[in-house]
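Thanks for coming, everyone. Please have a look at the structure on the screen, and I will talk you through its parts.

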Amino acid sequence: MRKKAIIIGAGPAGLTAALEFLRKTDVQPIILEASQEIGGISRTIRYKGNRMDIGGHRFFSKSDRVMQWWMDLMPPETEGVDATISYQGQRRKVEVPDDIHEEPPLRGLGPLTHGPEQAEPDEEPEAEHMVVVEAPEPESSDLVMLIRPRKSRIYYLRKFFDYPIKLTGNTIKNLGPARMVKIGVSYVASRISPIKEEKSLEDFLINRFGRELYLTFFKSYTEKVWGTPCDQISAEWGAQRIKGLSLTTALKHFLRKAFTPSAPKTAGAQSDVAQKGTDTSLIERFLYPKFGPGQLWEHVAEKIIAMGGEIHMGIKVEGIEVSGNTVTAVEAVTEAGEHAHFSGDYFLSTMPMRDLVRAMRTEVPGNVREVAEGLEYRDFITVGILANKLDVTEPQGGLIRDTWIYIQEPDVLLGRLQIFNNWSPYMVSDPRKVWIGLEYFCYETDALWRMPDEELKQFAARELEKIGILRTAEVLDAHVVRVPKTYPAYFGSYNRFDELRSWTDEFTNLFLVGRNGMHKYNNQDHSMLTAMAVVDGVAAGHVDKNALWSINTEQEYHEEKSQKT
């Protein structure tokens, strides 16, 4: 009898696992998705002909395997773009943007990558990193990746700053001489007398940037995102996400740019794959599905069904049956209240670990249950606003070109702003209008989360007017999307996470994958790699769970180490 893999969740990890099972094994994947939407937080929301991206998903990866996987499904659109290198039969070799700097550096603050202390970089690359991939001809003119221009900025003091923040003439002008003096004095003080034991993220940032710059650019935004004071967040978070950066690095770069003539770019510099480990914060383009990230995952779902897999929508897993150290089946219930039983040989879970433990129909040790219940999550709201125009424009006029704008104004709750027109022109039904997404980070217990949709739409529009980005009179329509458990947090009981992981690892045919499945701040490529690792292991006869957990923990360190040796 054909073996079955029961996969909980139809997000990037679950869908990747299903397609990989069908491509590499004779195991039949059966996906159980609690909602009616494909793609998890990488889905695309449709509203009156307009599309919304939940959080913004640039398609890039340090993994060649992931890049090729995407390109095989949705090749890059090369018409009008200088991306083609050569033709080989029905496949093309093309250069595509790769390895984009993760944004923002404090958004996904994760556990420390243990490795040797990094030296400060001497040079900041000027050329975007390109990788060569093989791409088939598109199945249709719509099933393509667009190569889009990238621009992100910080909005603070009702002014725009470069993102990531750089010590440039524009930065100095916007901050003003008095604030710049305070920043300089506090930075010198932090170097002369640093905090000896870095116990918190606040300590970590003050030591590297000085207290004044920390208060200016880091404190407010970080606390908006995580809802926790910086002095209560582990210093390990900063070590993971902004290692190697400091005000000294920024000053070196500023002086070098001011007094060093620009060197001409050498031929082939942009296609040097060896640049993979460099800081690529200046990359200017990125890949993006024509109709948003959900388009790719909906295409994957179609392929899964066509190849013999199953996807059941609107069905929630409530029980996981166990015999000894083996999972035997899951019990699920539909939106109509009907119960269903799914037996299988392999079980992959992307559901939040807290919910997984609650669903386990076996005796759960008290300490394990305590850790699971203590895990915390940050929730997310996007308010889509359709407007005639914005009050902020490019210097020469017209819609600003930003994809993301980080709102660091302390007098509003708004954390980040997306301009969907700039992600893809196909995200907005009327190109004469502006379609934007206002992003809020909160908890399900917050008043903001519980606010009725109509009130929330008005609240969001007023916040934009307050900071001078949009007049409420220009608003034509709005739409609210709430996404629970978007960001697994590294506080609460997370310091005891190993107790939970050790227990779940004891179940030989249960594999935790994806962001919430592993309670790790994975990007979608990391989530895909965890799924691929499980399928590879099943095909080989053994899944190395330690290697599975090391994805997005040790990978970057190993790549850096291999380049130095």
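Tyr163, Tyr221, Phe286, Tyr288, Trp404, Tyr406 and Trp423 are linked into a cluster by ring pairs. Here, rings of Phe, Tyr and Trp (for Trp, the six-membered ring) pair if their centres lie within 6.5 Å; planes under 30 degrees apart are stacked, over 60 edge-to-face, and the rest tilted.

Before I go on, a note on the source. This is a predicted model: local features need pLDDT of at least 70, side-chain atom pairs count only at pLDDT 80 or more, and totals for chains, interfaces and linings use all residues. Residues are numbered from 1 along each chain as its sequence is written, and side-chain values use heavy atoms, leaving out hydrogens and water.

Back to the rings. How many aromatic pairs does the rule count? It comes to 28 aromatic pairs. One of them is Tyr156 with Phe217, a tilted pair with 5.5 Å centre to centre and 55° between the planes. Tyr156 lies in strand β9 (residues 152-156) and Phe217 in helix α6 (residues 211-226), so this pair ties together parts that are 61 residues apart in sequence. Helices (H or I, at least four residues) and strands (E, at least two) are DSSP runs, numbered from the N terminus.

Is Tyr156 buried or exposed? Tyr156 counts as buried, at 10% relative accessibility. Phe217 is buried too, with a relative accessible area of 5%. Buried means under 20% relative accessible area, exposed over 50%, and partly exposed in between, using a 1.4 Å probe and protein chains only.

Now Phe286 and Tyr288. Their ring centres are 6.3 Å apart and their planes stand at 80°, so the pair is edge-to-face. Phe286 is buried at 0% relative accessible area. Tyr288 is buried, also with 0%.

Next, charges over rings. The rule wants NZ of Lys or CZ of Arg within 6 Å of the ring centre and within 35 degrees of the ring normal. Lys290 lies over the face of Tyr426, 4.5 Å from the ring centre. Arg515 lies over the face of Tyr521, at 4.3 Å from the ring centre.

On to the cysteines. A disulfide is a pair of cysteine sulfur atoms within 2.5 Å. By this rule the count is 0 disulfides. Cys230 is buried, with a relative accessible area of 0%. Cys442 is buried as well, at 1%.

Now a sheet. Five strands make an open sheet in the order β12-β2-β1-β16-β23, with parallel pairing. Which strands sit at the edges? They are β12 (310-313) and β23 (510-512), each pairing on one side only. Two strands pair if DSSP finds at least two bridges between them. Strand β16 (residues 346-349) is joined to β23 by 3 bridges, and the two run parallel. Leu348 stands opposite Phe511 in β23.

Helix α5 (residues 201-209) is mostly covered, with 8 of its 9 residues buried. Among them are Leu201, Phe204, Leu205, Ile206 and Phe209. Gly210 follows α5, and its phi is positive, near 85°.

Last, the whole chain. The protein chain has 19 helices and 23 strands. Of its 565 residues, 57% count as buried. Take contacts (heavy atoms within 4.5 Å). Among those with a separation of 6 or more in the protein chain, 77% come from residues 24 or more positions apart.
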